[in-house]
Amino acid sequence: MLEFDDIQHILLTRTPAMTGRYEFLTFSNPAGGRAWLSELIPVVESAAAAQASMDSTKRWVTLAFTWNGLRALGVPEESLETFPEEFRQGMAARADILGDTGAARPENWVGGLAGADLHAIAILFARDDAEHARATGVHDELVARCDGVRSLSVLDLNATPPFNFAHDHFGFRDRLSQPVIEGSGEEPTPGSGAALKPGEFILGYPDEKGPPVNLPQPEVLARNGSYMAYRRLQEHVGPFRDYIREKAETPDDEELLAAKFMGRWRSGAPLVLAPDKDDPELGADPMRNNDFNYKEMDPLGYACPLGSHARRLNPRDTAHYMNRRRMIRRGATYGPALPEGAPDGGVDRGIAAFIICASLVRQFEFAQNVWINDRTFHELGNEHDPICGTQDGTLEFTIPKRPIRKVHEGLPAFTTLRGGAYFFLPGINAMRYLAALD
Amino acid sequence: MATAEAIAPAKETDWSKPAAMAIPKEGYFTVQNGRYGPIYPRTPACYGFTIIAKIKPGTEATIRQYGNTIEKTIAGLPDALEVLKLHYLRWVLFNIGQDTYFMYQGIFDTDFDKYTEDAVQLFSQTGITTVFTNLEGFPEDWKENPDAFVQFVREHQCPSFLEYGAYPYVTADEIKKALRLKAAFSDMLDQMQ
């Protein structure tokens, strides 16, 4: 039985936030950090609380800590040592493994995310702009009141128009094919596979392999917690549109090429089910938009290229042990939307996402290392993920096609990683434990 | 494997030109970390390992018996090891003085860490107890503690100092694809007689 009243809501719930802010914080004295935490605990909603008050709530707060942050709050060494190696090292130190090279190197990250003094993130989601202004104002006052607590940087978030469905700056529908957790009360949509054991995402529960093992200590700190990989990905919307326009002959071809990169049409309709033209009704229908496989329905990638983003990030029946590789995705877009036809101007806009899983190395790092940035994925030879892989202009993208395939050589970067971090997302009781440390 | 690229040739597509690679003592050229430690490079002979460990006294017959077990398993389930992306496996027992050692050599197309990870998963999923349990120092709790399995493998890996490929960098899938193509062509030509 999941402890809904102890699990932070972000793990199990999607909120109707239209705006928000990520606050990246550092604590120069433990008591100050704990004071900040103590004041926020009553505001952080559990999954149960968020569910109950979804319609009336205007803001949703999530708190998480880096390994250095746990130390900065006063977690003793013997406990810190029980956290997994990759979390202790942090995302910046794992850049080689993740393929964060070239422009994506931690030296180029913004917002102080690569530094050892990044201790915590407060995710402040708000229903509207007025609430955003109020909530961030209240948080600013709290930070000012707490000795040694300082903001390293903030990132303001906003949904991009049109607002009737969630999508990124490129215009692709988001929030498709999320794993469903056993006991969460949610039913998997057709094609999404069975609900997964909670231990794949929440510490302290059985996972797909068996009972929980090697949990951080003490138990109160680990229970109902999880790990969260943060990725701030700038989307080069202008260059993306220019590339598509240059390589395609007609507006329909442009849409098709964009879909080939993504694996789905902008509407969300999967190429496997809609290979030739978009089907917005299919894209919007959760009972149908995930109901397909690759092995039988599109083994050679004539509909959905083998190296497309969606096919890499969720190879479905063409990868082994998929149930041990699933991740929960949350996040939002940031930066101004780019109107069609307007110049990009290098403005920073993109997605700021969280990947939530019980093992960063087995789930998140595996996806980065073996699926996104592996040149030989599915025998491709010289490709990375065309959307979120690291691109330096030397790689390709192959579109299987009859009679002959089309290879796009020298693919430019459509996105650039601007920062990231590994956080521990404690349960509510664990936060009380942290606040009471001495 | 993204991070091995800097040390391996940029384009590895020329299968027609045999290639050799001398490898430093550590097993890699520069330290580049993978998910579980330094990455061993892809060579003209693909990825691979040579694991050498002393066997527990009196287990030689048991280990030899594994040979028959695996033979039967593969006969019944030819795809049982498919996930490991293997070319070849060689299992050898040999003596140094009074001690018997087990050598496990594999040549495969996924990187070292993924191979080990997949192997642990495969063994514990199918309930095959691994031949490794007869080796000295092998973690008793390997099923619950895959990291300890990975660590054991890494500690007992003896990197090659030379690897050679007559058709370098070709994956097993590519070879099988080429053979299928050849078979299809032969079939077609036969039909046209």
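# Note on the predicted model of chains A and B

1. A:R316 is partly exposed, because 19 other C-beta atoms lie within 10 Å. A residue counts as buried if 20 or more other C-beta atoms lie within 10 Å of its own, and as exposed if 12 or fewer do. A:R316 therefore falls in between. Please keep in mind that this is a predicted model.

2. The backbone at A:R316 also deserves a look. Its phi is positive, about 50 degrees, although A:R316 is not a glycine. The residue sits in a loop of chain A. That loop runs between α12 (309-313) and β6 (328-334).

3. A:H378 has a positive phi of about 50 degrees and is not a glycine. Its loop lies between α13 (360-372) and β8 (397-399) of chain A. Is A:H378 buried or exposed? A:H378 counts as buried, because it has 20 C-beta neighbours inside 10 Å. The cut-off for a buried residue is 20 or more.

4. Two cis peptide bonds come next. One runs from A:P161 to A:P162, with omega near -5 degrees. A:P162 lies in the loop between β4 (149-158) and α8 (219-222) of chain A. Another cis bond joins A:Q217 and A:P218, and its omega is about -5 degrees. Where is A:P218 found? A:P218 is in the loop between β4 and α8 of chain A.

5. Now a helix pair. Helix α9 (residues 237-247) of chain A packs with helix α10 (residues 251-262) of chain A. The angle is about 120 degrees, and the axes are 9 Å apart. Angles of 65 to 115 degrees count as roughly perpendicular, and those over 145 as roughly antiparallel. α9(A) and α10(A) are therefore oblique to each other. Their crossing is right-handed.

6. Which residues make the contact of these two helices? From α9(A) come A:I244, A:R245 and A:K247. From α10(A) come A:E254, A:L257 and A:A258. By class, the residues of this contact of α9(A) with α10(A) are 3 nonpolar and 3 charged, with no polar ones.

7. Chain A as a whole holds 14 helices and 10 strands. Its radius of gyration is 21 Å, close to the 22 Å that the globule rule gives for 438 residues, so chain A is as compact as a globular protein of that length. Along the principal axes, the C-alpha atoms of chain A fill a box of roughly 70 × 50 × 40 Å.

8. How much of chain A is buried? Buried residues make up 52% of its 438 residues. Contacts across the sequence can be described too. Take the contacts in chain A between residues at least 6 apart in sequence: 70% of them join residues at least 24 apart.

9. Last, the contact between the chains. Chain B gives 19 residues to this contact and chain A gives 17. On the side of chain B that touches chain A, the elements that give two or more residues are β2 (33-34), α2 (112-126) and α4 (172-191) of chain B. Which element gives the largest share of that side? It is α2(B), with 4 residues. By class, the side of chain B that touches chain A has 9 polar, 7 charged and 3 nonpolar residues.

Conventions: Residues numbered from 1 in each chain as written. Chains lettered and ligands numbered in written order. Predicted model: local features only at pLDDT ≥ 70, side-chain atom pairs only at ≥ 80, totals over all residues. Axes fitted to C-alpha atoms, helices over the stretch in contact; angles between N-to-C directions. Parallel < 35°, antiparallel > 145°, perpendicular 65-115°, else oblique. Left-handed = near helix turned anticlockwise from the far one by under 90°. Contact = placed C-beta atoms within 7 Å. Nonpolar A, V, L, I, M, F, W, Y, C, P; charged D, E, K, R; others polar. Rg over C-alpha atoms; globule rule 2.2 N^0.38 Å.
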